[in-house]
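Please keep the sequence and the structure in view while reading.

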Amino acid sequence: MLTLKHFEEQDAHTSGLLGKMHNAKFIGVVTIMNHILPILNRLSCTLQQGKVSFAHIQPALEKCIDHLNEISQTEAPITELQSDLSPNGRLRQDRKSVV
């Protein structure tokens with residue numbers, strides 16, 4: 001975002017992209033992806049191993065699904081986003097580089 005901010009005044013496309021990134025919905029999606037992608041990456045790495053036994057695929061899938069369900073049930077990304085956007089949070093709106 002800092003790179004885009006540097007070119008904001010010079011390029012209309014950059015300004016538009018930066019404007020779309022400066023909202024709670026975008027930050028929320030990034031926060032959710034930050035929780036989900038490591039789990040999917042572990043599954044992907046497991047499936048990409050040289051010799052994968054079919055006996056290992058089902059448990060790997062179940063573990064991935066369990067972790068994703070845990071994130072969904074605990075609503076950890078939502079809690080993190082609310083904390084970040086709170087008045088004392090790291091993404092509070094009175095700062096120039098945030099939402």
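Two packed helices are described by the angle between their axes and the distance between the axes. Axes are lines fitted to C-alpha atoms, for helices over the stretch in contact, and angles run from 0 to 180 degrees between N-to-C directions. The model is predicted: local features need pLDDT of at least 70, side-chain atom pairs count only at pLDDT 80 or more, and totals for chains, interfaces and linings use all residues. Residues are numbered from 1 along each chain as its sequence is written, and side-chain values use heavy atoms, with hydrogens and water left out.

**Overall architecture**

- The protein contains 5 helices and 0 strands; helices (H or I, at least four residues) and strands (E, at least two) are DSSP runs, numbered from the N terminus.
- Read from the N terminus, the order of elements is α-α-α-α-α.
- Of the contacts with a separation of 6 or more, 45% join residues 24 or more positions apart; a contact means heavy atoms within 4.5 Å.
- The protein has 99 residues, of which 17% are buried. Buried means under 20% relative accessible area, exposed means over 50%, and partly exposed lies in between (1.4 Å probe, protein chains only).
- Accessible areas come from the Shrake-Rupley method with a 1.4 Å probe; for residues, only the protein chains shown count as cover.

**Packing of helix 3 and helix 4**

- Helix 3 packs with helix 4 (residues 54–74) at an angle of about 180°, and their axes are 10 Å apart.
- Helix 3 is therefore roughly antiparallel to helix 4. Angles under 35 degrees count as roughly parallel, over 145 as roughly antiparallel, 65 to 115 as roughly perpendicular and the rest as oblique.
- Asparagine 41 is partly exposed, at a relative accessible area of 45%.

- Leucine 37 belongs to helix 3 (residues 24–47) and is partly exposed, with a relative accessible area of 43%.
- Together with Val29, Met33 and Leu40, Leu37 forms a nonpolar surface patch with about 320 Å² of accessible area. Patches are made of residues with over 30% relative accessible area and no salt bridge: like charges are joined within 9 Å, nonpolar side chains (Val, Leu, Ile, Met, Phe, Trp, Tyr) within 5 Å.
- Threonine 31, also in helix 3, is buried, with a relative accessible area of 8%. Leaving aside residues up to four places away in sequence, threonine 31 touches Pro77, Glu80 and Leu81.

- Glutamate 75 lies in the loop between helix 4 and helix 5 (76–85).
- Although glutamate 75 is not a glycine, it has a positive phi of about 55°.
- Glutamate 75 is partly exposed, at 46% relative accessibility.

**The salt bridge**

- The whole structure holds 1 salt bridge, defined as a side-chain nitrogen of Lys or Arg within 4 Å of a carboxyl oxygen of Asp or Glu.
- Arginine 90 and aspartate 84 form a salt bridge, with their closest N and O atoms 3.1 Å apart.
- Arginine 90 is exposed, at 52% relative accessibility, whereas aspartate 84 is buried, at a relative accessible area of 8%.
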